[in-house]
Amino acid sequence: MMKKIKLGCILGTLSLLAVGSVYAFWHQELEHTNHLKADTIQAEIVENFTPQKPEGTVPKKVAFQNNGSTDVFLRIAYVENWEKQGESGETILLNNQLDGEDVSKKNWVENKEENWQDGEDGWLYYKHILKPGESTEQILESVSFPDYEQEKYQPYQEADYSLYFKVEMLQASTGDATLNKDEVNADASVTVFGKTPLVNYDRNQITWK
């Protein structure tokens with residue numbers, strides 16, 4: 001009789017341990033699931049610029065910030081145009097190139113190539129993974145405008161100049177939990193950017209192919 005009681009106590013203890021183990025397992029999974037809440041990707045263009053007439057050299061300092069919650073790959077493009085009103089009130093767009101040269105000249109920072117790679121597709125690709133809350137280095141210093149007294153530039157004298165930046169971010173897999181992160185990053189980047197990032201994670205350096 002005593003042997004049966006002891007056996008029953010042992011089985012009961014094992015049952016409690018089993019229940020406890022199952023509870024702990026599911027509790028761990030629930031915490032893990034909570035940590036897998038959707039990451040956000042949010043870009044911000046950070047600039048120091050005072051709107052003014054397009055004359056001489058106008059300071060326009062530009063960088064880009066990751067305001068999201070995940071590491072990202074980053075690329076940028078820019079669009080510039082000249083616009084003025086015709087005699088009949090119509091909008092006239094002027095090309096920013098004359099004789100193969102830019103009318104407005106963008107003065108990039110001297111070390112631009114250290115941090116940005118020309119993708120030869122209209123985009124500049126950032127050569128580092130950008131972490132949440134971090135900003136890129138400054139890429140632009142200023143914009144220089146021509147001497148409108150010169151005959152070829154006179155049509156631009158009454159025109160408004162605009163320079164717009166476009167930013168695209170793509171989530172980057174960087175954690176050790178993703179065993180095939182190179183394949184994941186390559187597949188995502190080729191699909192969205194049309195480029196493959198070759199990443200040195202230790203140095204946080206990217207070569208785009």
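Is Glu168 buried, partly exposed or exposed, and what is its relative accessible area? Glu168 is partly exposed, at 21%; here buried means under 20% relative accessible area, exposed over 50%, and partly exposed in between, with a 1.4 Å probe and protein chains only. The model is predicted, so local features need pLDDT of at least 70 and side-chain atom pairs pLDDT 80 or more, while totals for chains, interfaces and linings use all residues. Residues are numbered from 1 along each chain as its sequence is written, and side-chain values use heavy atoms, without hydrogens and water.

**Salt bridges overall**
- Side chains of opposite charge can pair when their charged atoms come close.
- The whole structure holds nine salt bridges, each a side-chain nitrogen of Lys or Arg within 4 Å of a carboxyl oxygen of Asp or Glu.

**Lys166 and Glu168**
- A salt bridge joins the side chains of Lys166 and Glu168, at 3.8 Å from N to O.
- Lys166 is partly exposed, at 46%.
- Arg75 belongs with Lys166 and Glu168 to a network of salt bridges.

**Lys106 and Glu80**
- In the salt bridge between Lys106 and Glu80, the closest N and O atoms are 2.8 Å apart.
- This pair links distant parts of the chain, 26 residues apart: Lys106 lies in strand β7 (residues 105-108) and Glu80 in strand β3 (residues 72-85).
- Strands are DSSP runs (E, at least two residues), numbered from the N terminus.
- Lys106 is buried at 10%, and Glu80 is buried at 18%.

**Asp99 and Lys152**
- Asp99 and Lys152 form a salt bridge with the closest N and O atoms 3.8 Å apart.
- Asp99 is exposed at 69%, whereas Lys152 is partly exposed at 37%.

Terms used:
Helix = DSSP H or I, 4+ residues; strand = E, 2+ residues; numbered from the N terminus.
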